[in-house]
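Subject: Handing over a structure

Hello,

Here is the structure I promised to pass on to you. Please open it alongside this message, and then read on for what turned up.

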Amino acid sequence: MEPAVAEDSDLEKTEAPSPRRLEQAREEGQVPQSRELSTFFVTITGVLALWMLGGWMAERLAGLVRTGFAFERDTAFDVVLMIGVLRGQLSGALLMLMPLFLVLLLAAVAAPIALGGLNFAPKALGPNFGRMNPLKGLGRMFSAHGLMEMVKAILKSLIIGGVASMVLWSNKDHLFDLMVMPIEAGMADFSGTVILAAVLIAASLGLLALMDVPFQLWQYNKKLRMTKEEVRREGKEQEGDPQIKARVRAMQREMARRRMMAEVPNADVVVTNPTHFSVALKYDAERMGAPVVVAKGRGEMALKIRELAREHDVPLLEAPPLARALYKHCELEQAIPAALYTVVAEVMAYVYQLDTWMKQGGLPPQMPASLAVPEGMDPGSPDE
């Protein structure tokens, strides 16, 4: 029973969404959204815009009304002229309302950005025929999310209606007094009451948005939760299958070994331990500032390097401390450290003398003995 329980737990969405999962959701156009936050942004922005631009808009509106009713008698009986007057009135009204429309548009765009950030998802622009299924549409309507949205819509209507009714009821006597006031003073007084009601409504919508935003963030993360199996699969996709990675590393090591062994025949000398280490050196005075390690190995690899060197008549020099120092402190295809210049120079001098002797004959050169390396460069003991 325990394996079955473990398998079931792997299929439960208990893990927080990974950064890759969140990125994929954003690419598909899925970002946290709150209609209440958007409603609040648009409402409070509209109220502030009317409060700041109300006087200017009232003057423009009064001018439009005056010009709309002031025209010649002949114009009233000419359809073409009346259409021109109407066109002028409509253009003036649009120009008057344009600042308000632009501010509301910016507020409508700013609300989603404030919650989910700026996101452009081309995938979301494509057709989704699954959403055109009426059965799925009904399912969404009667789902828990749909019921929650309906409750919020009802609550929002009650809040707006309740606040407006409260303001009107508390100012009912004052509103009746407006009927006997001059029209300009009455309109200014009434506009103040309307602005007060709008501010209170916007504040109540702000409280609703303050409760809705954390809920939407929690629901968004809950929707994107992952199972343990999905987390493991994503980890394998991003980091690669361990078996495949091990196989790739093995292939890379084999290719590096083959390249290294291919350089042994071109080496000038192979310094040995004599059985534990082998290091092949090459030096070209015209291209290199110092001798370079072209191959190195220990154990079986050291044996193969020595065998290959013998096959291609590469000189072998037994110098245990130097072989250990070269193996420890030198990397492939890199020059030897400066601390080993002197001792390696003795080795290269012997190699050149050996090459001259083999070509010209005479007395064979004496193999250098007791090649000492600087203190601290030899990592092992002489019996290695």
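Below is a short tour, from the whole chain down to single residues.

A word on the ground rules: this is a predicted model, in which local features need pLDDT of at least 70, side-chain atom pairs count only at pLDDT 80 or more, and totals for chains, interfaces and linings use all residues. Residues are numbered from 1 along each chain as its sequence is written, and side-chain values use heavy atoms, with hydrogens and water left out.

**The whole chain**

The protein chain holds 15 helices and six strands; helices (H or I, at least four residues) and strands (E, at least two) are DSSP runs, numbered from the N terminus. Of its 384 residues, 28% are buried, where buried means under 20% relative accessible area, exposed over 50%, and partly exposed in between (1.4 Å probe, protein chains only). The chain exposes about 25,700 Å², and carbon and sulfur atoms supply 64% of that area; accessible areas come from the Shrake-Rupley method with a 1.4 Å probe, and for residues only the protein chains shown count as cover. Among contacts (heavy atoms within 4.5 Å) between residues at least 6 apart in sequence, 75% join residues at least 24 apart.

**The sheet**

Four strands make an open sheet, ordered S5-S4-S3-S6, with mixed pairing; two strands pair if DSSP finds at least two bridges between them. S5 and S6 are the edge strands, each pairing on one side only. On average, neighbouring strands in this sheet are turned by 20° against each other, direction ignored. S4 and S5 run antiparallel and are joined by six bridges. Across that pair, Ala280 stands opposite Ala295, and Leu281 stands opposite Val293. Because six of the seven residues of S5 (residues 292–298) are buried, this strand is largely enclosed by the rest of the structure.

**Helices around it**

Helix H13 (residues 300–311) lies across S3, S4, S5 and S6, at about 125° to S5. H15 lies across S3, S4 and S6, at about 130° to S3. For these angles, axes are lines fitted to C-alpha atoms, for helices over the stretch in contact, and angles run from 0 to 180 degrees between N-to-C directions. In helix H14 (residues 320–329), the buried residues are Pro320, Leu322, Ala323, Arg324, Ala325 and Leu326. They pack against strands S3 (269–272), S4 (277–282) and S6 (316–318), and against helix H15 (341–360).

**The cores**

A nonpolar core is a set of buried Ala, Val, Leu, Ile, Met, Phe, Trp, Tyr and Cys residues joined through side-chain atoms within 4.5 Å. The largest has 25 residues, of which Leu281, Leu322, Leu326, Ile336, Leu340 and Val344 touch the most other members. S3, S4, H14 and H15 each supply at least two of its residues, and H15 gives the most, with seven. Leaving aside neighbours within four places in sequence, Val344 is in contact with Leu281, Pro291, Leu322, Leu326 and Ile336. A second, separate core of 13 residues includes Val270, Val294, Leu308 and Val314.

**Two residues to look at**

Most residues other than glycine have a negative phi. Asp313, in the loop between H13 and S6, has a positive phi near 55°. Glu333, in the loop between H14 and H15, also has a positive phi, of about 65°. Asp313 counts as exposed at 67% relative accessibility, and Glu333 is exposed with a relative accessible area of 67%.

Enjoy looking around!

Best wishes
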